[in-house]
Amino acid sequence: MMRMLRAFRSVLISDLSMVLEYLTFRSPELWLFGVCRRFLVKHRFNNFGGIPKIESPVRIYAPERLKVSGFAIIAKDVLIDAEGGVTIGHNTGIASGTKIRTQAHVFSCPDVPWLHQGHRIKPVVIGNDVWVANNCFILPGTVIGDHCVISSCSVVSGLIPPYSIMAGNPARRIGSRQTNREGENN
Ligand SMILES: CC(C)(COP(=O)(O)OP(=O)(O)OC[C@H]1O[C@@H](n2cnc3c(N)ncnc32)[C@H](O)[C@@H]1OP(=O)(O)O)[C@@H](O)C(=O)NCCC(=O)NCCS
């Protein structure tokens with residue numbers, strides 16, 4: 001009997017927290033939901049330097065592994081799969097529609113269906129003062145250096161040096177914010 005009650009309680013708690021997260025991160029931009037969102041963001045994420053601005057709706061998997069600056073912005077319709085760990089730095093903005101992934105299916109053995117080969121996970125790190133424009137896709141293991149600009153709809157992987165302006169699929173370096181500032185051609 002006690003075991004049944006305990007099982008019921010844990011299902012209730014996990015369902016309630018799912019409902020709470022759903023209401024918080026998928027809710028309309030209303031004041032009350034905004035207050036709940038700030039509360040959850042404060043207590044579920046690994047924030048540093050304050051509470052980041054997170055619009056709604058967003059989808060965040062494994063929020064406890066999302067490390068995000070209090071001076072960062074995550075716009076609506078962003079998807080972050082933080083299972084492998086995601087870090088987002090100061091003054092960085094993730095524009096709407098962008099997806100950040102830290103997991104991929106393993107498919108190395110051709111004799112076994114990919115569905116049964118599990119996942120490999122790699123963290124994603126996005127530095128300070130980075131603008132990730134609309135509808136980008138950030139692949140597992142990507143490290144974006146400080147001050148980069150990732151143009152809209154780019155598919156990004158690997159190590160991106162600081163100040164790079166990246167565009168395309170696969171994303172290529174189309175310029176540098178440093179040379180732009182100096183007025184040189186890229
Ligand atoms: C980041 C951005 C501002 C770069 O602009 P820029 O430095 O002025 O670059 P340019 O427009 O001069 O383009 C340079 C080259 O990269 C290409 N390019 C620029 N953005 C691209 C993109 N998103 N995808 C593919 N190629 C792109 C251009 O076609 C051009 O190619 P070319 O040299 O062969 O002609 C712009 O590309 C962008 O993505 N803006 C985002 C818009 C957006 O999402 N707004 C919402 C606000 S959050």
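User: How do you know that strand β14 and β17 pair, and in which sense?

Analyst: This is a predicted model, and the bridges are computed from it. Two strands pair if DSSP finds at least two bridges between them. Strand β14 (residues 143–144) and β17 are joined over two bridges, in the parallel sense. They therefore meet the cut-off of at least two bridges and pair. Ile144 stands opposite Ile160 in β17.

User: What makes β17 an edge strand?

Analyst: β17 (159–160) pairs on one side only, and so does β3. Both belong to an open sheet of five strands with parallel pairing, in the order β3-β6-β11-β14-β17.

User: How many bridges join β2 to β5?

Analyst: Three bridges join β2 to β5 (residues 79–81), and the two run parallel. At least two bridges are needed, so β2 and β5 pair. Ile60 stands opposite Ile80 in β5.

User: Why is Phe39 called partly exposed?

Analyst: Phe39 has 13 C-beta neighbours inside 10 Å. Exposed needs 12 or fewer, and buried needs 20 or more. Phe39 falls in between, so it counts as partly exposed. Phe39 is found in helix α2 (residues 31–44). Its C-alpha lies 9.1 Å from that of Ile51, twelve residues apart in sequence.

User: Which residues have the most contacts inside the largest nonpolar core?

Analyst: Ile150 and Val156 do, in a core of 31 residues. The elements that give two or more residues to this core are β3 (66–68), β6 (86–88), β11 (124–126), β15 (149–150) and β18. Leaving out residues up to four places away in sequence, Ile150 touches Trp131, Val132, Ala133, Cys136, Ile144, Val156, Met166 and Ala171. In soluble globular proteins, nonpolar side chains tend to be buried together.

User: What classes of residue make up the shell around the ligand?

Analyst: The shell has seven nonpolar, six polar and no charged residues. Of the 13 residues around the ligand, Ala95, Ala133, Ser151, Ser152 and Ala167 come nearest. β18 (164–167) and β19 (172–176) are the elements that give two or more residues to this shell.

Terms used:
Residues numbered from 1 in each chain as written. Predicted model: local features only at pLDDT ≥ 70, side-chain atom pairs only at ≥ 80, totals over all residues. Near = placed C-beta within 6 Å. Helix = DSSP H or I, 4+ residues; strand = E, 2+ residues; numbered from the N terminus. Nonpolar A, V, L, I, M, F, W, Y, C, P; charged D, E, K, R; others polar. Core = buried A, V, L, I, M, F, W, Y, C linked by C-beta atoms within 7 Å. Contact = placed C-beta atoms within 7 Å.
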